Amino acid sequence: MKLKLLFIMSFFCVFYNTINAQSNQTEPKYIQNWTRLEEAKFYFDVSYAVVKCSPTSKAIVIMNAFNEGGTYPKVGFKLALKDAAGNEAQVEIALFKTKIGDMFIASCSSENHANLRFDVPEGIDASTMKISIIYNTGS
């Protein structure tokens with residue numbers, strides 16, 4: 001009888017902790033939904049979103065890069081950020097390897113493609129920020 005009670009109590013503890021852990025996980029809060037940037041002439045697409053990964057985190061930019069053309073083995077970009085008040089900043093995404101059909105999507109929940117994720121620079125209003133892009137192929 002004691003073994004059965006111990007088993008039942010253990011089961012409820014595991015069940016409770018699982019439910020509690022799931023309820024503590026939060027989805028990112030989108031400050032700006034996905035926005036497409038100008039496509040490269042060599043058919044490379046980049047989009048960005050501005051998110052807060054947790055209620056207490058700083059706003060970050062996450063990017064989605066898609067190599068539609070496959071012309072260059074490495075691609076990077078220079079980003080010009082500007083908010084409604086006229087504050088400006090620049091961010092450079094270093095060259096990274098890519099081939100035709102590759103899609104790289106940065107996220108809050110993974111370190112994959114962390115090169116396509118960065119903090120919104122100090123002094124820039126994340127809610128009104130706009131980004132323009134200059135592509136770099138290293139050639």
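Trainee: Where does Tyr43 sit?

Mentor: Tyr43 is in the loop between S1 and S2. Strands here are DSSP runs (E, at least two residues), and they are numbered from the N terminus. Before we go on: this is a predicted model, where local features need pLDDT of at least 70, side-chain atom pairs count only at pLDDT 80 or more, and totals for chains, interfaces and linings use all residues. Residues are numbered from 1 along each chain as its sequence is written, and side-chain values use heavy atoms, with hydrogens and water left out.

Trainee: Okay. What is phi of Tyr43 near?

Mentor: Near 60 degrees, a positive value in a residue other than glycine. Most residues other than glycine have a negative phi. His113 also has a phi near 60 degrees, and His113 is in the loop between S6 and strand S7 (117–119).

Trainee: How does His113 count for accessibility, at what percentage?

Mentor: Partly exposed, at 28% relative accessibility. The cut-offs are under 20% relative accessible area for buried, over 50% for exposed, and partly exposed in between (1.4 Å probe, protein chains only).

Trainee: New topic. How many residues does the largest nonpolar core have?

Mentor: It has 34, and Phe44, Met63, Phe77 and Leu79 are those with the most contacts inside it. A nonpolar core means buried Ala, Val, Leu, Ile, Met, Phe, Trp, Tyr and Cys residues joined through side-chain atoms within 4.5 Å.

Trainee: Which strands each supply at least two residues of this core?

Mentor: S2 (44–52), S3 (59–67), S4 (74–82), S5 (88–97) and S8 (130–136).

Trainee: And what does Phe77 touch?

Mentor: Leaving out residues up to four places away in sequence, its contacts include Phe44, Met63, Val91, Phe96, Leu116 and Ile133. Contact means heavy atoms within 4.5 Å.

Trainee: Which residues does Lys58 contact?

Mentor: Val51, Lys52 and Glu122, leaving aside neighbours within four places in sequence. Lys58 is in the loop between S2 and S3 and counts as exposed at 53% relative accessibility.

Trainee: How far apart are Lys58 and Asp119 in sequence and in space?

Mentor: They are 61 residues apart in sequence and 7.0 Å apart in space, C-alpha to C-alpha.

Trainee: Last one: where is Tyr30?

Mentor: Tyr30 is in strand S1, and Tyr30 is partly exposed, with a relative accessible area of 37%.

Terms used: Helix = DSSP H or I, 4+ residues; strand = E, 2+ residues; numbered from the N terminus.
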